[in-house]
Amino acid sequence: MAEGSRRRLGGRTAARWSRAETTVTKGLLLAVFCVGLVAQFVKPVGDALEGKTYLGGALLSIVGYVLYAEVLRLNTAHEAQQAGARQLAETVGRLSDEVRGLTARLRPQSGEEATAEQLMQECAQAVLRGGETQLWGMCFTGETFVEPLRRVLEDLPPDPSRSVSVRVLVPDFTRPVEVPGLVRHADGRLADAPEFRRYLVEKITGYERGLRMMRGRMDRKAQGALSVEFRTVHMSPFLKLYAVGDDVVFEGIYDKLDVRPDEYRTAAQAPPRPGAGDDQLLDLIGHGSLLTRWSRYDGERGRVVVARRRAFFSTLWEAAAPLEPQAPGSSAARRLAP
């Protein structure tokens with residue numbers, strides 16, 4: 001406490017002297033001028049000052065001190081200005097680097113790796129802008145695309161002029177497919193897994209139903225109009241492909257395989273063939289798969305890739321069949337191809 005008080009007292013004293021120094025100096029110089037002027041015209045005063053060498057030297061010392069102090073003040077101010085300018089330039093440069101780095105992380109350039117989270121961020125930005133937005137997805141079941149998109153739509157602010165069109169293309173799991181499927185214990189060959197396909201059909205139907213329910217909710221909350229359409233095509237789900245409007249596409253692959261016991265086999269089915277109990281289920285995993293982002297605004301290559309991927313999706317979409325609504329456990333869901 002005592003040390004702080006002394007520092008504050010010293011600072012106040014220095015500030016008072018700095019303000020008084022100019023006034024005192026001006027007063028002394030004015031007094032010297034007046035004395036010299038009087039000595040010029042009043043002879044007794046002139047005679048009294050004649051030969052006063054020490055007095056003249058003292059006066060010259062005062063003038064020199066004033067000049068030195070002024071020069072020192074100007075130099076100090078100039079150095080402080082230069083230091084401030086350097087610090088400002090360094091700060092601006094550092095902030096510019098941080099902004100460029102943040103922009104690069106949040107919005108990858110064309111042909112760079114991206115994540116599912118970045119895909120959803122771009123979808124959210126597109127629908128938040130309002131107007132008409134098209135969102136396309138080629139998925140396995142829709143788990144990593146439809147469910148996050150549904151949460152994005154739930155949080156939209158009111159905008160009656162908004163129109164969102166969602167198209168989802170999924171494999172036709174009502175027909176036999178080897179991947180995903182079974183790895184036979186006897187010979188290691190791939191085979192169809194009807195029970196697992198039945199589970200996938202019900203899962204896809206649930207995602208489709210949940211997204212369709214958003215239409216009424218968005219209408220009640222004045223969030224805009226939503227159209228939802230699922231179609232199926234007979235294929236193995238190796239490719240991920242998503243389009244955000246006409247400008248951006250994300251693509252990737254299901255690059256992880258999971259081999260595990262077939263827990264979907266039911267006890268009610270016909271007795272398995274000899275050795276079938278040791279068959280393993282081969283599943284595809286898409287969680288955590290990296291995507292590649294392409295934008296038609298990022299050069300000629302980006303424009304070509306976006307156009308080709310959209311044409312690829314459109315061709316499959318026209319050839320695909322509508323997804324038939326099925327309730328879980330319904331007779332339709334059970335009538336899968338063996």
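In which helix do phenylalanine 196 and tyrosine 199 both lie, and how many residues apart are they? Both residues belong to helix α6 (residues 194-220), where a spacing of 3 residues places them about one turn of the helix apart. Helices (H or I, at least four residues) and strands (E, at least two) are DSSP runs, numbered from the N terminus.

The model is predicted: local features require pLDDT of at least 70 and side-chain atom pairs count only at pLDDT 80 or more, while totals for chains, interfaces and linings use all residues. Residues are numbered from 1 along each chain as its sequence is written, and side-chain values use heavy atoms, with hydrogens and water left out.

Across the whole structure, 8 aromatic pairs were found. Rings of Phe, Tyr and Trp (its six-membered ring) pair if their centres lie within 6.5 Å; planes under 30 degrees apart count as stacked, over 60 as edge-to-face and the rest as tilted. The pair of phenylalanine 196 and tyrosine 199 is stacked, because the ring centres are 6.0 Å apart and the planes meet at 20°. Phenylalanine 196 is buried, at 2% relative accessibility, whereas tyrosine 199 is partly exposed, at 32% relative accessible area. Buried denotes under 20% relative accessible area, exposed over 50%, and partly exposed the range in between (1.4 Å probe, protein chains only). Tyrosine 199 also forms a tilted pair with tyrosine 264, with 4.9 Å from centre to centre and 35° between the planes. This pair links distant parts of the chain, since tyrosine 264 lies in the loop between β9 (256-261) and β10 (280-285), 65 residues from tyrosine 199.

A single aromatic cluster is formed by Trp136, Phe313 and Trp317. The charged end of arginine 310 sits over the ring of tryptophan 136, 4.4 Å from its centre. The charged end of lysine 240 is likewise placed over the ring of tyrosine 254, at 5.0 Å from its centre. The criterion is NZ of Lys or CZ of Arg within 6 Å of the ring centre and within 35 degrees of the ring normal.

Tyrosine 254 is also among the residues touched by cysteine 139, together with Phe145, Val168, Leu169, Val170, Pro171 and Tyr242, not counting residues up to four places away in sequence (contact: heavy atoms within 4.5 Å). Cysteine 139 is located in the loop between β2 (132-138) and α5 (146-154) and is buried, at 3% relative accessibility. Its C-alpha lies 9.4 Å from that of glycine 286, 147 residues away in sequence. Cysteine 123 is buried as well, at 1%. The structure holds 0 disulfides (pairs of cysteine sulfur atoms within 2.5 Å).
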